[in-house]
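This report describes selected features of one protein model. The sequence and coordinates are shown first, and the account follows.

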Amino acid sequence: MRMWVWLFGAVVAAAAVGGACGGAVTYDGRSLIIDGHRKLIFSGSIHYPRSTPDMWPSLISKAKSGGLDAIDTYVFWNLHEPQPGRYDFSGRRDLMSFIKEVHSQGLYVCLRIGPFIQGEWSYGGLPFWLHDIPNVQFRSDNEPFKFYMQNFTTKIVNMLKSENLYASQGGPIIISQIENEYQNVEKAFGDGGPSYVRWAAAMAVGLNTGVPWVMCKQDDAPDPVINSCNGMMCGETFVGPNSPNKPAMWTEDWTHFYDNYGNTTKLRPAQDIAYHAALFIVNKTGSYINYYMYHGGTNFGRNASAFMITSYYDQAPLDEYGLIRQPKWGHLKEFHAAVKLCSQTILYGTKTNISLGPLQQAYVYNGENGECAAFLVNKDAASDPDVRFQDRTYRLPRKSISILPDCKTVAFNTAKVSSQYSTRTMRAVAKLNSPEIWQEFDEVIPSFNDTSLRSDSLLEQMNTTKDVSDYLWYTTSYEQSEELNSVITVDSNGHVLCTFVNGEFLASGHGIYRNQSFSLESGASLKSGVNNISLLSIMIGLPDSGAFMEKRASGLRNVSIGDKDLTFSSWGYQVGLVGEKLQLYTEEGSSKAEWSKFNRYSQQLKWYKARFDAPEGTDPVALNLGTMGKGAAWINGESIGRYWISFHQPNGLPSQIWYNIPRSFLKPSDNLLVLFEEEAGDPLGVSVDTVSITKVCGHVSGSNPPPVASYLRQRGRRPKVQLRCPPSKNISNILFASFGSPSGDCSSYAPGRCHSTSSSAVVERACLGRRKCSVPWSYRSFGGDPCPGVSTHLLIEAECQ
């Protein structure tokens, strides 16, 4: 067996690295090897700037409790180097403190430096100033780009070395990533694509970090860099390592689908995640799985890429607010525990495949000392066959994998969820529904004479704003000899457009995620004489992917009034809003401006401000903006992101209503809330809400495996409903309890035709007044079998207060 060995200071393959507690690490074709031992590693992505430093300890702790061995994060170039040579590692940007917190909790770190990251992050993490470097071509064999990419990568690596954060120095970082999914665009660059890949790999390895490097979705990753898989079904789609001496790694196992404004939210169930993760282990000899995301968090400020909503991967095992999302978190925790019961047999044993049927197969691992572990796979999505394995019969639920750590007893099945389900509730604690609470400030609509930046053509928006604002005003004047009703036609490269004539709003329009360009026709009443045409072009984030991103165009393409083409007329430009220049969202800027009393007459482009006290307690806080239209929100000067309530999904509902307010953004009282509303939303419907888990539910039958934690005990094991309320809350009420044949599941249920009459009494006795309780599926506990000849289920829903 060949094994790559990295030497600190020498450019050779695999790494002498230390784990969370230090120690040498190498790799071979089976796995990473830490301190001489092969490791099967479960990792989860938590992006430090998508949360706040006060949230990091809890997020990492919950990830560890969920059975993770490592935390994965990108490094965000545009946050850390906003201007060439000027670096920022403060607050949410404090990468070093984040890594140290992971280390302090005994987990490894997988650091994806990129520095192009995509990640639904503005400009894919590249700082916009790169756009203005002469002759630059992003992500290609281009000397200007390579210079700055190497400069930043070296800066990060040297900072990490100085803090002894690489595992070879006793730190937690066991692997790093260079580039990101480059194979998606490689062909566009011709011969320059492969040569750039070779350069990037050599540059990274030459930094002598003492850890292996990975390139995700890069089948031609040069030795010693490991090629890895991203996606939802890498157990089926991964072509495998490009060398027999490299381990199979899954750098992005998507736990959800990112949401953009107007799309239909697609949920990925816990059962599917567990099934494909298990399949990757057995079918691809996978030994590293990273869940993307484990906690998605929030796209604060203007960091979301084009058309991405502010909430990021809220359906991850830890939701946007850091609350545990069940059953996804619990089901994966059980999966991790089951795999780790037999991980040594998997990593060191001999694997054989046995056919159990046309779509059924057993993957069997045998160790040198008689150890045996098996994964029984049923790829049939339509039936639950009985199969024979080692003289025993096993029923395999459709599209599932059963894990038998001893080749006899099922410890876990990917389709059988025994973990509780939880219900998240938003409760309004401060309704800002009084006109006296609010003040307003009208944004100024500029005319051509108000501008100093001029051009005889329509300027490209990103190159003009330099990403300092989402907003760019295009203004011109149009002389008319007499009053006339006409039509203004504008072709835009996106994303949103508002048209004004002589200060009066005419119309607005927008593109969509997959087709960001659009045309807008507005009826206009022109007066005799000079008419001021003011067009506000608005971006909802910069692009985050694709070849030749530096050439991407935004803003207006063509403008005409009636038959007259104004595209090459004299245009005046204003970058940003007056309110942005005045910093109305800060205490200082707000106090210096002249605000007016709230006027119930809503109109476009208006700033609103109000004050509120922080909710008591420790529950997360959210701002309900359900009655607003489109704009941005700030709390005490901190941007909590863009909102776009008026852009509905196909089901007629907004993509996002609640916006995360981290507790660290709040003072005990007198918090400043500022909204910039582009449309005509109503702030009287805004409220400050708390976010909490208010109900928990469990549902098992006799065919559910008992909790994995009881596996080694063997005797007396049985399925259980295990309920747990959040900290500081207890089970206050049993909303439903049935041991029998209840219909439905935790999302919708009803009593069945048979039911133990003692169901409620048994459950109340076990659970009421407690933070957590365990109720076994047991005929004895409920006074016998209430449903002879029928599969008996136990379903309980409880309220937490």
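In this predicted model, a nonpolar surface patch is formed by Leu453, Val468 and Val575, whose accessible area together is about 230 Å². Leu453 belongs to strand β22 (residues 453-455). With a relative accessible area of 35%, Leu453 is partly exposed, because this value falls between the limits of 20% for buried and 50% for exposed residues.

**Confidence of the model**

The protein chain has a mean pLDDT of 95, and 97% of its residues reach 70 or more. Over residues 1-19, however, pLDDT stays under 50, and the model has 80 contacts beyond four places in sequence for this segment. Where pLDDT is low, the predicted coordinates should not be read in detail.

**Helix α5**

Helix α5 covers residues 192-205, 14 residues in total, and extends 20 Å from its first C-alpha to its last. This span is close to the 20 Å expected at 1.5 Å a residue. The buried residues include Tyr196, Trp199 and Met203, together with Gly192, Gly193 and Ser195. Also buried in α5 are Val197, Ala200, Ala201, Ala204 and Val205. The packing partners of the buried α5 residues are α4 (143-162), β8 (173-178) and β9 (213-216).

**Salt bridges**

Side chains of opposite charge can pair when their charged atoms come close. The count of salt bridges in the model comes to 30.

| Salt bridge | N to O distance |
|---|---|
| Arg38 and Asp28 | 2.9 Å |
| Arg302 and Asp467 | 2.7 Å |
| Asp470 and Arg642 | 2.8 Å |

In the salt bridge between Arg38 and Asp28, the closest N and O atoms are 2.9 Å apart. Arg38 lies in strand β4 (residues 37-39) and Asp28 in strand β2 (residues 25-28), so this pair ties together parts that are 10 residues apart in sequence. Arg38 and Asp28 are both buried.

Arg302 and Asp467 meet through their side chains in a salt bridge of 2.7 Å, N to O. Arg302 is placed in the loop between β12 (286-295) and α8 (328-341), and Asp467 in the loop between α10 (461-465) and β23 (471-480), so the pair ties together parts 165 residues apart in sequence. Arg302 is partly exposed, its relative accessible area being 25%. Asp467 likewise counts as partly exposed, at 25% relative accessibility.

The salt bridge of Asp470 with Arg642 brings the closest N and O atoms to 2.8 Å. This pair links distant parts of the chain, 172 residues apart: Asp470 is in the loop between α10 and β23, whereas Arg642 is in strand β36 (residues 638-644). Both Asp470 and Arg642 are buried. Elsewhere, salt bridges that share partners join Asp253, Arg268, Asp272 and Lys399 into one network.

**Backbone geometry**

Most residues other than glycine have a negative phi, and most peptide bonds are trans. Against this background, the following sites deserve mention.

Which form does the peptide bond from Gly114 to Pro115 take, cis or trans? The bond is cis, with omega near 0°, and Pro115 is located in the loop between β7 (108-114) and α4. The peptide bond from Gln326 to Pro327 is also cis, with omega near 15°. Pro327 sits in the loop between β12 and α8, a loop that also holds Arg302.

Asn135 has a positive phi, near 65°, although it is not a glycine. Asn135 is found in the loop between β7 and α4, and its relative accessible area of 70% makes it exposed. Asn636 also has a positive phi, near 50°, and occupies the loop between β35 (630-635) and β36.

**An exposed loop residue**

Lys551 is in the loop between β28 (529-538) and β29 (556-561). Lys551 is exposed, with a relative accessible area of 61%. The C-alpha atoms of Lys551 and Gly357 are separated by 54 Å, and the two residues are 194 residues apart along the chain.

Definitions and conventions. Residues are numbered from 1 along each chain as its sequence is written. Side-chain values use heavy atoms; hydrogens and water are left out. Patches are made of residues with over 30% relative accessible area and no salt bridge: like charges are joined within 9 Å, nonpolar side chains (Val, Leu, Ile, Met, Phe, Trp, Tyr) within 5 Å. Accessible areas come from the Shrake-Rupley method with a 1.4 Å probe; for residues, only the protein chains shown count as cover. A salt bridge is a side-chain nitrogen of Lys or Arg within 4 Å of a carboxyl oxygen of Asp or Glu. Helices (H or I, at least four residues) and strands (E, at least two) are DSSP runs, numbered from the N terminus. Buried means under 20% relative accessible area, exposed over 50%, partly exposed in between (1.4 Å probe, protein chains only). The expected span of a helix is 1.5 Å times one less than its number of residues. Contact means heavy atoms within 4.5 Å. pLDDT is the predictor's confidence in each residue, from 0 to 100.
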